[in-house]
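Reader: I'd like to learn how to read aromatic rings and helix packing in a model. Can you walk me through it?

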Amino acid sequence: MWEQLVEHIRGSQRVVALVPAHNEGDRIAATLSSLSEQSRRPSRILVVADNCTDDTVQVARNQGAEVVESTGNTHKKAGALNQALHRLLPTLDDRDLVLVADADSTLAPDFLEVAVGTLAGRPEVGAVGGIFLGEPGAGLLGALQRNEYARYQRQIRRRHDDALVLTGTATLHRVDVLRGLERDRGQVYDTSALTEDNEITLAIKHLGLRCVSPRECIVETEVMPTWGDLWRQRLRWQRGALENLSAYGLTRVTFPYVLQQAGMTLGFVAMWLYIVYTGYLVVSGEFGWHPWWTPLGLLFVLERIVTVWHAGPRARLLAAAFLVEWVYDLFLQAVLVRSAADVLLRRPAHWHHLSGAPQT
């Protein structure tokens, strides 16, 4: 019965892939190839070129994709997508689907097949997001990011595929849901949000719908090559998350996210208490086996190894060298503190784009 239903949908349901791109001429070909090689190929592949000054448009056309260029867009990725969706949605049926995929990411070959099958006959699911993993490269910093993403992948599995965020790297949306968002608030994506993917997740969940990320829907995305790039990326992510929660207020949907932020804050406090106490033991000459702190430290190291076990020997080895990951965690906690300060002090926010010129 399930297989017949999926086959019926394949024959009558259109899937349009939207690829927003700003100066991605050096990466977009791989993204478009991964879309063309899907086991369930999209009906159309449409590149939304936004304020591009490189060869993105030409590369996309050489790959056989349709290209539309944004007009007078000052709202970055969200604004470009809104322009494209405003023209696209009236041409689609409510039962059609729209895949939004970043131009710096590649999808696993069965991503669309699994995502379409996940939505089949499940009206309670509003969208299917990908699980992003880091691409090779960027040395130790890249490996640290890949371990972080591997832990997120494990977390989603333990939540029975319930998605915390419909990642911007690749998400399959129902047309009727997108159309409803545009009708209710005048735009699909909130152009005031720093993190449009996080915001649209909250919007869809507030409609009473589920957002899921099946384990097979893997997307490989770029990792930040420098600490400065990583700082700017995570500052936008964390600040955007805080601002999204502030905009929606405390609701049944946002409550778990507020708890998550509270847990991160407690983790920050606990880690620094551990560091301060360990420093005291070293200075006082009492550092060594301790009936409470030593087992706690060993348990911490074990947890780091177990949570990346599925990612392979290199990931486990890096996790075992816990001091390296500890420095990385301290870096992320510094992002948390800075983001909270920026929100409280209402400092202006900035968009970070890796490949070159800033996005207007």
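Reader: Is Trp227 buried, exposed or partly exposed, and what is the cut-off?

Author: Buried means under 20% relative accessible area, exposed over 50%, partly exposed in between (1.4 Å probe, protein chains only). Trp227 has 39% relative accessibility, so it counts as partly exposed. Tyr328, at 3%, counts as buried. This is a predicted model: local features need pLDDT of at least 70, side-chain atom pairs count only at pLDDT 80 or more, and totals for chains, interfaces and linings use all residues. Residues are numbered from 1 along each chain as its sequence is written, and side-chain values use heavy atoms, leaving out hydrogens and water.

Reader: How are the rings of Trp227 and Tyr328 arranged?

Author: Rings of Phe, Tyr and Trp (its six-membered ring) pair if their centres lie within 6.5 Å; planes under 30 degrees apart count as stacked, over 60 as edge-to-face and the rest as tilted. For Trp227 and Tyr328 the centres are 6.3 Å apart and the planes at 55°, so this pair is tilted.

Reader: Which parts does the pair of Trp227 and Tyr328 tie together?

Author: Helices are DSSP runs (H or I, at least four residues), numbered from the N terminus. Trp227 lies in helix H9 (residues 227-248) and Tyr328 in helix H13, so the pair links parts 101 residues apart in sequence.

Reader: And what sits over the face of Trp309?

Author: A charge sits over a ring if NZ of Lys or CZ of Arg is within 6 Å of the ring centre and within 35 degrees of the ring normal. Here Arg316 lies over Trp309, at 3.9 Å from the ring centre.

How values were computed: Helix = DSSP H or I, 4+ residues; strand = E, 2+ residues; numbered from the N terminus.
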